[in-house]
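Have the model open as you read.

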Amino acid sequence: VIRCRAAVAWAMGKPLSVEEVEVAPPKAGEVRIKIVAAGICRTDEHLLEGCFPYADFPVIPGHEGAGIVESVGEGVTSVKPGDKVIPLCVPQCGECSFCLNPESNHCLKSHFSEPQNLLPDKTSRFTCKGKMIHHFLWVSTFAEYTVIPEYAVAKIDAAAPLDKVCLLGCAFSTGYGAAINTAKVKPGSTCAIFGLGGVGLSAVMGCKAAGASRIIAIDINKDKFAKAKELGATDCINPRDFKKPVEEVITEMTGHGVDYSFEVIGHADTVNAALASCNMNTGVCVMVGELPSGSVLSINPMLLLSGRTWKGTLLGGWKVRDCMPKLVSSYLEKKFNLDLLITHTLPITKVNEGFELLRAGK
C-alpha cells in the first residue's frame, strides 16, 4: 500500500480537500501509476456539480493526466515499471464488438455502457480516513498514485514531457480529433468553433491542420481571441457584439453557412446555434461539449430535413490505445503546439485555485 496525497471530493458542490490516501497495489490486469501531471477539464467540474452520470461520492476526480508505471498486476504485458504512460478515460479492451469495428472508438467497457466509479471487480483501490473512495472514469489523476485497468493505459515515448502531453488524455485529443476524425474537415473548407477553452482551441488546431481556409472562432470571452488567432482562427466573434442571433451573423459572413461547425461548450442554445450555422444541405455539425446528464435538446426538424449532418464525438474519435502513442510522437515532431494551451501550472495543494481560474474563464 502506498500513502500519498490526493484531492478528494467528499460531497457534491463542496471544494476539493487535499488528503492523505492509501492506494492499494494493483490486482490482476491492473497498473499502478505515479501521476506526474494532470489537467483540469470542465468534465471534472461537471462531476463536482453533480451533473455527470454514474458518479458517486466521495471520489477522486481527474481524468486528464500522464505518469510513470510504478507496478503492474498479474498478467499485465503491455507496460512495465518505469514506462511513461497516459491513462485513458475511454478504454480500449480490444475484444468487444465496438473495439473490433475499425470505424468505432467507443468501447463497451466505457462509462456509457457501465459505471467506472469502481474498478472492474467492483472494488476501489483508494481509502481515506478508513472510508472507501470512488474512482473517476477509472483514472482519478488528482491522486499522486492511481490504479487503472491495463486496457485503459497507453504506453508513450520515453522522451515525452509529461507536464505537456498530459493534455492528450482528454482536451487536445477531443478537440483536434473532432475536426480530423469526426467531421473529416476538407482542405479549403469553412469552419465555426463555438467555445474557445482547451478543447475548442484544439478544434481550431485540427481545422487548421486539415487545411480549412476559414476558421471562425466564437466566444463571449474576448480574452480568448488572441490565442485562437495564434493557433489558426481567421475570424473571432463575440455573439454579444450583435443584435441578431450568431447563426445569422455566421451565415452572412459565409454566404450559406459554414461547411463544419463544432459546439465545444455544452449548452442547449449553442448546440442549436452551431447546427443552424452550418450549410443547410451538406453542413456537418459536431457536438463536442458535454451537456449536463439528463438534458433534453429541442431542435427545429427543418434544420436536419434539408440535409445537414448532426453528430457527436467521443474523445475525438481516436482508438485511444492505438493512437495515443502516435499523437505523442506527432507532438514531439512539432506537428502541433500543445504548450500554448497551458495557462497556469499549480501544485496539487492549489487544485481549488485551478478550478476558480477555470470558472473565471482564465
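How many residue pairs are in polar contact between domain 1 and domain 2? In this predicted model, the count is four residue pairs, both residues being at pLDDT 80 or more. Salt bridges between domain 1 and domain 2 number zero.

The domain assignment places residues 2–169 and 319–360 in domain 1, while domain 2 covers 175–313. Here is how the two relate:

| Domain 1 and domain 2 | Value |
|---|---|
| Separation of centres (C-alpha atoms) | 28 Å |
| Area buried between them | about 980 Å² |
| Part of that area on carbon and sulfur atoms | 64% |

Now to the interior. In soluble globular proteins, nonpolar side chains tend to be buried together. The largest nonpolar core in this model holds 92 residues, and Val165, Leu168, Val185 and Phe262 have the most contacts inside it. Both domain 1 and domain 2 contribute at least three residues each to this core.

Setting aside neighbours within four places in sequence, Leu168 is in contact with Ile86, Ser173, Met324, Leu327, Val328, Phe336 and Leu338.

There is also a second, separate core of 17 residues, with Phe194, Ile216, Cys278 and Cys285 among them.

Note on methods. Residues numbered from 1 in each chain as written. Predicted model: local features only at pLDDT ≥ 70, side-chain atom pairs only at ≥ 80, totals over all residues. Heavy atoms only, no water. Domains from an automatic or database assignment. Buried area = accessible area lost by both parts, 1.4 Å probe. Salt bridge = Lys/Arg side-chain N within 4 Å of Asp/Glu carboxyl O. Polar contact = N/O pair within 3.5 Å; in protein donor to acceptor, adjacent residues only side chain to side chain. Core = buried A, V, L, I, M, F, W, Y, C linked by side-chain atoms within 4.5 Å. Buried < 20%, exposed > 50% of the residue type's maximum accessible area, 1.4 Å probe, protein only. Contact = heavy atoms within 4.5 Å.
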